[in-house]
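Trainee: Could we go through this model together, taking one topic at a time?

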Amino acid sequence: IKKLRVMKEMTQTQVAQACGVTQGTVVGWEKGTCFPKAEKIPTVASVLGCDCETLIRAAVERKQRKAG
């Protein structure tokens with residue numbers, strides 16, 4: 001999510017406002033400590049200029065890397 005946000009030249013606050021969440025929530029998404037709720041995924045994808053599958057795939061890959 002951070003990579004997409006930076007590519008769109010948006011701040012965490014801007015993403016948070018556009019998605020209807022707090023800036024702290026966006027921090028969690030970027031750190032990988034949480035993931036957007038299912039109902040927010042289409043909004044997040046739209047704000048970041050990607051599709052839902054891209055977000056989900058990135059989360060799965062990150063989780064797999066963490067698991068080793």
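Trainee: How much space lies in the largest pocket?

Mentor: This is a predicted model, in which local features need pLDDT of at least 70, side-chain atom pairs count only at pLDDT 80 or more, and totals for chains, interfaces and linings use all residues. Residues are numbered from 1 along each chain as its sequence is written, and side-chain values use heavy atoms, with hydrogens and water left out. On a 1 Å grid over the protein atoms alone, a pocket is an open set of points where a 1.4 Å probe fits, with protein on both sides within 12 Å along at least five of seven lines, and lining residues have an atom within 4 Å of a point. With the volume taken as the space filled by probe spheres set on the points, the largest pocket holds about 440 Å³.

Trainee: Which helix gives the largest share of the lining of the largest pocket?

Mentor: The lining has 17 residues, and those closest to the pocket centre are I1, L55, A58, A59 and R62. Helices here are DSSP runs (H or I, at least four residues) numbered from the N terminus, and α1 (2-7) and α5 (52-67) each supply at least two lining residues. The largest share, ten residues, comes from α5.

Trainee: Which helices do the buried residues of α3 pack against?

Mentor: In α3, the buried residues are V26, G28, W29 and E30. With contact meaning heavy atoms within 4.5 Å, these residues pack against α1, α2, α4 and α5.

Trainee: How many disulfides does a search of the whole structure find?

Mentor: A disulfide is a pair of cysteine sulfur atoms within 2.5 Å. The sulfur of C52 has its closest cysteine sulfur in C50, at 7.6 Å, which is too far for a bond, and C50 is in no disulfide. Over the whole structure, the number of disulfides found is zero.

Technical notes: Buried < 20%, exposed > 50% of the residue type's maximum accessible area, 1.4 Å probe, protein only.
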